[in-house]
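Welcome! Please take a moment to look over the sequence and the model, and then let us walk through some of its features together.

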Amino acid sequence: KSSMVVPYRNAKKKSCIYGITFGLSQAIMFFAYAACFRFGAWLVTHNYMGFRDVFLVFSAIVFGAMALGQASSFAPDYAKAKVSAARIIMLIEQTVSIDSFSDAG
């Protein structure tokens, strides 16, 4: 039980950081909505663009923001995978101290 205290404490600290990061990455989509609607309304009001063109651009920006938010949520998994791959390569390249061809036992 006492051996789990330190990993639990570390995981608890990291979970807050991961939660905030994930929340911000998902909020990018809503910030993009607000910015696009505001700027689109200004463009339509001043006759720089038509209503249909504004929504076409809006869709492109929103889908890009959604893809960015979803991709950034995998950043912690990428870091863990990189560490795991380094450990596996280290195990593969390690020299074995036991001679399997020896008759000595």
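V44 is found in helix α1; helices here are DSSP runs of H or I with at least four residues, numbered from the N terminus. This is a predicted model, in which local features need pLDDT of at least 70 and side-chain atom pairs count only at pLDDT 80 or more, while totals for chains, interfaces and linings use all residues. Residues are numbered from 1 along each chain as its sequence is written, and side-chain values use heavy atoms, with hydrogens and water left out.

How do α1 and α2 sit against each other? They pack at an angle of about 165°, with their axes 8 Å apart. Axes are lines fitted to C-alpha atoms, for helices over the stretch in contact, and angles run from 0 to 180 degrees between N-to-C directions. α1 and α2 are therefore roughly antiparallel to each other, a label for angles over 145 degrees. Their crossing is right-handed, meaning that the near helix is turned clockwise from the far one by less than a right angle.

Between α1 and α2 comes a loop, and N47 lies in it. N47 is not a glycine, yet it has a positive phi of about 60°. Most residues other than glycine have a negative phi.

F37, V44, F51 and F55 make a nonpolar patch of about 370 Å². Such a patch takes residues with over 30% relative accessible area and no salt bridge, its nonpolar side chains (Val, Leu, Ile, Met, Phe, Trp, Tyr) being joined within 5 Å. A salt bridge is a side-chain nitrogen of Lys or Arg within 4 Å of a carboxyl oxygen of Asp or Glu. Areas come from the Shrake-Rupley method with a 1.4 Å probe. Both α1 (5-45) and α2 (51-72) supply at least two residues of the patch.

How open are some individual residues? Buried means under 20% relative accessible area, exposed over 50%, and partly exposed in between.

| Residue | Relative accessible area | Class |
|---|---|---|
| V44 | 31% | partly exposed |
| M66 | 27% | partly exposed |
| Y18 | 34% | partly exposed |
| N47 | 68% | exposed |

M66 is found in helix α2; M66 and L56 are ten residues apart in sequence and 16 Å apart in space, C-alpha to C-alpha. Y18 has its place in helix α1, and from Y18 to A86 there are 68 residues in sequence and 22 Å in space, C-alpha to C-alpha.

Key: Patch = residues over 30% accessible without salt bridge, like charges linked within 9 Å, V, L, I, M, F, W, Y side chains within 5 Å. Buried < 20%, exposed > 50% of the residue type's maximum accessible area, 1.4 Å probe, protein only. Parallel < 35°, antiparallel > 145°, perpendicular 65-115°, else oblique.
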